[in-house]
Each structure stands twice: as C-alpha cells, then as structure tokens.
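Please keep the viewer open as you read.

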Amino acid sequence: MMEVVARYFEAFNAGDTDAMLACLTEDLAHHVNEGQVRTGKAAFAAFCEHMSRCYDEHLSDMVILTDPSGSRAAAEYVVNGTYLASDTGLPEAHGQTYTLPAGSFFDLAGGRISRVTTYYNLADWMRQVST
C-alpha cells in the first residue's frame with residue numbers, strides 16, 4: 001500500500017492532478033490543514049486547481065510509513081514553495097518563497113487512498129510570506 005502513497009506524491013511533484021486522482025477512492029475524505037473536510041474526487045480536483053493557481057510547490061525529504069495491516073500510512077516531508085497568486089484571507093502574493101516541514105496521513109482501501117489529512121504550521125508559513 002505504500003506504493004499508492006508514493007505514486008500520489010510523485011504525481012504531486014509532477015503537477016499531474018489526473019495521476020493524483022487515479023490514486024484516490026471516489027468517496028475520498030480530504031482534510032485540509034485548518035480547513036473544512038472536502039468529500040469526493042471532484043472536490044479534490046477543484047482544490048488542486050486552486051492550489052496550482054496560487055502556489056508552486058515541490059516536496060522533498062519524503063519519508064513514508066505504513067501500519068502492518070496496510071490500511072493506514074503517514075508521510076513526512078518538506079514543502080518547498082513559491083506563493084504565486086494571492087489567496088483569500090492570506091497575505092498578498094508577490095513571488096515569496098517558503099520552506100515548511102509538513103505531514104500527511106492516509107486511510108487506504110482497495111489499493112487506493114480513501115482519506116488524506118495534511119498538517120503544516122500555518123503561522124510559520126505566514127511569517128515566511130509576510131516579508
């Protein structure tokens with residue numbers, strides 16, 4: 001099951017939303033850092049479209065762990081990004097770069113990801129882009 005999580009992150013780094021969607025169940029639960037839960041692939045695709053417009057991100061230093069049953073996984077990584085376009089309620093974008101440690105947690109079912117929960121330190125990000 002670690003393979004589907006690795007494919008998901010490879011697709012993220014390639015900017016390939018369709019490949020990311022192929023890793024997900026139809027009823028995916030997407031728990032966004034300090035945000036609302038989005039349900040389903042269509043909501044996830046809309047989120048990815050918004051994120052691609054506002055942010056250019058590449059993940060590095062990836063470590064993926066799975067539980068013995070293969071039903072859950074976790075990943076720790078570093079987000080290396082550029083803030084491209086102002087996002088609602090956040091500081092104005094003018095090409096600021098940022099580097100953040102982050103983590104994601106997954107439920108896995110039938111060879112696909114059924115839940116993604118992502119965490120990072122929003123206060124640290126705000127500090128980095130508020131210059």
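## Ground rules

This is a predicted model, where local features need pLDDT of at least 70, side-chain atom pairs count only at pLDDT 80 or more, and totals for chains, interfaces and linings use all residues. Residues are numbered from 1 along each chain as its sequence is written, and side-chain values use heavy atoms, with hydrogens and water left out.

## Around Ser104

Ser104 sits in strand 5 (residues 97-109); strands are DSSP runs of E with at least two residues, helices are runs of H or I with at least four, and both are numbered from the N terminus. Ser104 counts as buried because its relative accessibility is 2%, where buried means under 20% relative accessible area and exposed over 50%, with a 1.4 Å probe and protein chains only.

Beyond four places in sequence, Ser104 touches residues including Phe9, Ala73 and Thr117; a contact means heavy atoms within 4.5 Å.

## Helix 4

In helix 4 (residues 122-129), Asp124, Trp125, Gln128 and Val129 are buried. They line one face of the helix, because they fall within an arc of 125° seen down its axis, using directions from the helix axis to the C-beta atoms. These buried residues pack against strand 3 (55-66), strand 4 (72-83) and strand 5, while exposed Ala123 and Arg127 are on the face turned away.
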